[in-house]
Amino acid sequence: MSPCLAIRADAGHALGSGHVQRCLALASALRARGLTLRFLMRACPGHLLDEVRAAGHEVRALPALLPDWLTDATVCLSTLEGCAGLIVDHYDLDARWQRAITWASGLPVLLAIDDLADRPHAALLLLDVNDFEAGGQRYAELLPPGSRTLLGPQHALLREEFARERARLRTREAAVRRVLINFGGSDPRDATAIAWQALQTPACAGLELDVIVGSAYVDRSGLAEACAARPHTAFTVQAHDMAARLAAADLAIGAGGTGCWERAALGVPALACAIADNQRATVAALAARGALRALPEPDVDAWRAAILDLIGDPFARAALGRAAQSLCDGAGAGRVADHLLALLAEGRNAQRQSA
């Protein structure tokens, strides 16, 4: 029987979909290496329980409201039968949750995924894809002795199709023909609508637009109607071929989460806005490296000016694409999966030696 790992992550209207989406990418890499995965997820509004099941993984639905870490740990403990360890990707869970799980079940928390560095962890591995400048110093006081770190975008948790598309990536032409708009799963600030409005100008009338929103996006019907009325425009809810769409794009407009690394892996020139506080540092760092152009706070006129400026500058677009592509190769999920398999092997060897 293949080892089973539990993954604790949530998605929702307020939370967005990023935690679950990156865990799905890691789960796919682990399954390819012979493991089975069990997702532990709250059934809150905007959850992705059905999407996780459709990907072929087991799901244990948790109550929509878990008021504190201790209640969360207590509920999760009842779902861990047959598991060999856990992965946690959750801003509300820290070392207290991790220690409680290990103490009560005997199972190791193999991996904690973070990008805030605002709380302690008690996992064997700590992954922070966005920590590519601090060298892990942010976690110096937040990890116990013996914990290891996986840092930087070479570990970005992207689905395997991004590495495949990168291998056959075309050379983009000097003129912009196709623009992709995507601000993640829920887009609580409706940046998608701002980007859409910014592109409604005669200078952009001939462009092909690929507008993608998540299942938790609120004004789907209104935006779908607007897209249907414009020629050469595609509107998609919950796209499952994002890598191919990005590879076909000449310019992308999006948020500052995992989408940064999806665009980077495929060398897409991009304009990005931090639509959540935890995205600000990444957008600023990538802009400073010349790997994207940062958009100001959502404003139609300001965004239109920034978009038109980049569309009119093929040399700047080419430089952005090269700088971004040098940071991320799309194979990070496999690297992290290999680290997890090594940890499991170490645990089995330690058990045999102590027997």
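Modeller: Setting aside neighbours up to four places away in sequence, Gly 34 is in contact with Ser 2 and Pro 3, where contact means heavy atoms within 4.5 Å. The model is a predicted one, in which local features need a pLDDT of at least 70 and side-chain atom pairs count only at pLDDT 80 or more, whereas totals for chains, interfaces and linings use all residues. Residues are numbered from 1 along each chain as its sequence is written, and side-chain values use heavy atoms, with hydrogens and water left out.

Gly 34 itself sits in the loop between α1 and β2; the elements are DSSP runs numbered from the N terminus, helices being H or I of at least four residues and strands E of at least two. At 38% relative accessibility Gly 34 counts as partly exposed, since buried means under 20% relative accessible area, exposed over 50%, and partly exposed in between, with a 1.4 Å probe and protein chains only. From its C-alpha to that of His 232, which is 198 residues away in sequence, the separation is 43 Å.

His 232 lies in the loop between α7 (220-228) and β10 (233-237), and it has a positive phi of about 55 degrees although it is not a glycine. With a relative accessible area of 55%, His 232 is exposed. Gln 238, in the loop between β10 and α8 (242-248), also is not a glycine and has a positive phi, of about 60 degrees, but Gln 238 is buried, at 17% relative accessible area.

Beyond its neighbours up to four places away in sequence, Gly 46 touches Ala 11, Gly 12, His 13 and Ala 216, and its C-alpha is 29 Å from that of Leu 266, 220 residues apart along the chain.

Axes here are lines fitted to C-alpha atoms, for helices over the stretch in contact, and angles run from 0 to 180 degrees between N-to-C directions. From α1, Ala 25, Leu 26, Ala 29 and Leu 30 meet Ala 333, Gly 334, Val 336, Ala 337, Leu 340 and Leu 341 of α13. This contact of α1 with α13 has 9 nonpolar, 1 polar and no charged residues, with Ala, Val, Leu, Ile, Met, Phe, Trp, Tyr, Cys and Pro taken as nonpolar, Asp, Glu, Lys and Arg as charged, and the others, Gly among them, as polar.

A further helix pair is α6 (residues 191-198) with α11 (residues 300-311), which pack at about 60 degrees with axes 8 Å apart. They are therefore oblique to each other, and α6 passes α11 in a right-handed crossing. Ala 191, Ile 194, Ala 195, Gln 197 and Ala 198 of α6 meet Val 300, Trp 303, Arg 304 and Ile 307 of α11, which by class gives 7 nonpolar, 1 polar and 1 charged residues. Asp 301 is also in α11 and, at 55% relative accessibility, counts as exposed; its C-alpha is 9.0 Å from that of Gln 197, 104 residues apart in sequence.

Finally, the cysteines: a search of the whole structure finds 0 disulfides, a disulfide being a pair of cysteine sulfur atoms within 2.5 Å. The sulfur of Cys 328 is 10 Å from the closest cysteine sulfur, in Cys 260, which is too far for a bond. Cys 260 is buried, with a relative accessible area of 4%, and Cys 328 is buried as well, at 2%.

Key:
Angles under 35 degrees count as roughly parallel, over 145 as roughly antiparallel, 65 to 115 as roughly perpendicular and the rest as oblique. A crossing is left-handed if the near helix is turned anticlockwise from the far one by less than a right angle, and right-handed if clockwise.
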